Amino acid sequence: MCVCVCVCVCVLQCCRSAAVCLCSSARRGLSCNGWSGTIMAVEFEGGVVIGADSRTTTGAYIANRVTDKLTPIHERIFCCRSGSAADTQAIADAVTYQLGFHSIELDEAPLVQTAASLFREMCYRYREELMAGIIVAGWDPRRGGQVYTVPVGGMMTRQPVSVGGSGSSYIYGYVDSNYRAGMSKEECLKFTAEALTLAMERDGSSGGVVRLAVVSEQGVERQVILGNQLPKFSTV
Amino acid sequence: TEEQCWGTWGKNIKCVCFYRNALLEADINKLGFSSPAARKTGTTICGVVYKDGVVLGADTRATEGMVVADKNCSKIHYISPNIYCCGAGTAADTEMTTQIISSNLELHSLSTGRLPRVTTANRMLKQMLFRYQGYIGAALVLGGVDCNGPHLYSIYPHGSTDKLPYVTMGSGSLAAMAVFEDRYRPNMEEEEAKRLVRDAIAAGIFNDLGSGSNIDLCVITKGKVDYLRPHDMANKKGVRTGSYRYKHGTTGVLTKAVTPLNLEVVEESVQTMDTS
């Protein structure tokens with residue numbers, strides 16, 4: 001009986017999200033550009049590690065194979081964008097403006113929670129029109145490294161590690177089993193790179209290169225792992 | 001939900017175009033007419049960043065359904081003296097969108113007192129296209145040279161943009177991208193870049209039904225723009241080798257009768273044309 005209930009709930013949720021997808025696409029008429037990939041963010045002591053793949057697709061064609069989905073919102077706050085490219089770019093631009101204005105008014109660095117709240121406000125208010133799954137991650141002096149996830153629908157919650165995008169479904173197991181609290185920066189980078197590689201391997205909408213960034217008190221360090229340098233797993 | 005306020009994003013469109021189009025769509029069949037087919041530019045457009053600037057390229061065929069409406073249309077639109085934009089998709093949409101942004105950019109440039117930047121044009125275009133939620137079918141390749149160097153953007157009808165060293169758009173974009181992916185190198189010389197763009201557009205012209213006719217090129221460098229129209233006439237119309245005209249006297253004349261019609265002028269009035 002328990003199993004039946006669980007399955008029903010899961011199926012209903014899938015249907016609902018599928019229905020929402022179809023409704024939006026149908027309303028749009030044209031195929032929306034940008035059903036994009038896999039994104040991930042991990043907190044560590046002193047900052048956050050964020051990562052994303054680099055593929056943007058229009059249907060079956062890869063419109064951009066070197067996309068940068070890690071968008072700076074402020075000096076030490078980034079957002080990882082997944083979902084419709086147009087929607088997430090527009091939202092990110094709007095939030096960048098609002099946060100910049102707020103930061104000038106405050107005359108200090110904004111909180112990551114503020115940035116996440118701004119994303120949540122927009123994603124929830126226009127939830128019927130938007131298709132955007134965003135992870136907000138950064139460092140602020142008050143609470144250190146933080147990761148907030150704002151999936152489709154507009155919920156906001158803080159998590160130590162978060163994955164998003166179409167490829168995330170394939171790595172929940174890997175992330176849940178391999179994440180440990182208190183990992184170092186290097187361990188987090190390796191963890192993120194491997195998780196994204198596995199997702200890119202299995203998801204058609206994810207691929208290209210792995211873009212990583214470390215956001216901490218010292219600033220931002222970005223790196224790119226090219227296709228031939230990706231970690232290798234057993235090929236069956 | 002119709003009242004849901006988009007702020008600056010959708011007030012205009014939700015109130016005006018959305019309702020008007022829906023009304024027209026509903027009533028037009030009752031009146032016995034069929035809605036006009038939008039003239040699309042089928043199209044192959046592309047752009048590449050090279051050492052000194054950008055090269056934009058486009059074919060010149062405009063289609064209305066399966067018929068070629070214009071054999072030599074111009075798809076590379078002027079935005080500002082240092083910025084040009086190729087347009088694919090619905091011809092009217094690309095034409096009007098680029099004109100609107102060109103006008104706004106000129107006012108902006110006068111206000112700032114500076115040469116406009118490509119990223120400004122990109123911002124204006126993406127925000128307008130996003131506001132109309134993809135109903136304006138304009139897929140653009142925007143390129144230019146400003147104080148920060150050469151820049152190239154691809155802009156999609158829904159309002160997403162990508163900043164890349166080489167881009168292609170339109171129905172022939174896959175054919176053109178194949179050429180680019182094979183032969184693009186960073187920091188090419190001008191001649192090599194022009195050849196590459198020419199070949200990419202040619203790939204679109206010969207392998208895509210929606211693209212055809214000639215190849216237009218636009219080479220933008222710091223302080224100079226070369227608008228080469230046409231750069232290459234890839235599809236010259238052939239010359240007929242024979243003539244079907246019959247010689248005079250082929251048909252024998254048997255009888256001939258001439259009847260003059262005598263008409264008298266009743267009234268004569270002159271209306272001058274306003275040629276001012």
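Which residues form one aromatic cluster? Y174(A), Y179(A) and F191(A) do.

## Basis of the model

This is a predicted model, in which local features need pLDDT of at least 70, side-chain atom pairs count only at pLDDT 80 or more, and totals for chains, interfaces and linings use all residues. Residues are numbered from 1 along each chain as its sequence is written, chains are lettered from A and ligands numbered from 1 in the order in which they are written, and side-chain values use heavy atoms, with hydrogens and water left out.

## Aromatic pairs

Over all chains, the structure holds seven aromatic pairs. Rings of Phe, Tyr and Trp (its six-membered ring) pair if their centres lie within 6.5 Å; planes under 30 degrees apart count as stacked, over 60 as edge-to-face and the rest as tilted. Y174(A) and F191(A) are a stacked pair, because their ring centres are 6.2 Å apart and their planes lie at 20°. Y174(A) lies in helix α4 (residues 172-178) of chain A and F191(A) in helix α5 (residues 185-202) of chain A, so the pair ties together parts that are 17 residues apart in sequence. Helices (H or I, at least four residues) and strands (E, at least two) are DSSP runs, numbered from the N terminus. Both Y174(A) and F191(A) are buried. Buried means under 20% relative accessible area, exposed over 50%, and partly exposed in between (1.4 Å probe, protein chains only).

The rings of Y78(B) and Y84(B) make an edge-to-face pair, with centres 5.6 Å apart and planes at 80°. Y78(B) is partly exposed at 41%. Y84(B) is buried at 12%.

## Chain B overall

Chain B has six helices and twelve strands. Of its 276 residues, 45% count as buried. Contact means heavy atoms within 4.5 Å. Among contacts in chain B between residues at least 6 apart in sequence, 61% join residues at least 24 apart.

## Helix packing in chain B

Helix α5 (residues 173-183) of chain B packs on helix α6 (residues 190-207) of chain B at about 145°, with the axes 7 Å apart. Axes are lines fitted to C-alpha atoms, for helices over the stretch in contact, and angles run from 0 to 180 degrees between N-to-C directions. From α5(B), the contact includes V179(B), F180(B) and R183(B). From α6(B), the residues include L196(B), D199(B) and N207(B). The contact residues divide into eight nonpolar, two polar and three charged. Ala, Val, Leu, Ile, Met, Phe, Trp, Tyr, Cys and Pro count as nonpolar, Asp, Glu, Lys and Arg as charged, and the others, Gly among them, as polar.

## Annotated sites

An unreviewed UniProt entry places the feature "active site" at T43(B). UniProt positions are given in the numbering used here, feature names are shortened, and annotations may be inferred rather than shown by experiment. T43(B) sits in the loop between α2 (17-28) and β1 (45-49) of chain B. T43(B) is buried, at 0% relative accessibility. Leaving aside neighbours within four places in sequence, its contacts include D59(B), K75(B), S171(B) and D208(B).

The unreviewed UniProt entry also places "domain: Proteasome beta subunit C-terminal" at residues 234-270 of chain B. That stretch is 0% helix and 0% strand, and its end C-alpha atoms are 49 Å apart.

## Backbone details

A cis peptide bond joins R229(B) and P230(B), with omega about 0°. P230(B) is in strand β12 (residues 224-232) of chain B.

D107(A) is not a glycine, yet has a positive phi of about 60°. D107(A) lies in the loop between α2 (85-106) and α3 (112-125) of chain A, and is exposed at 68%. S213(B) has a positive phi near 65°. S213(B) is in the loop between α6 and β11 (215-221) of chain B, and is buried at 13%.
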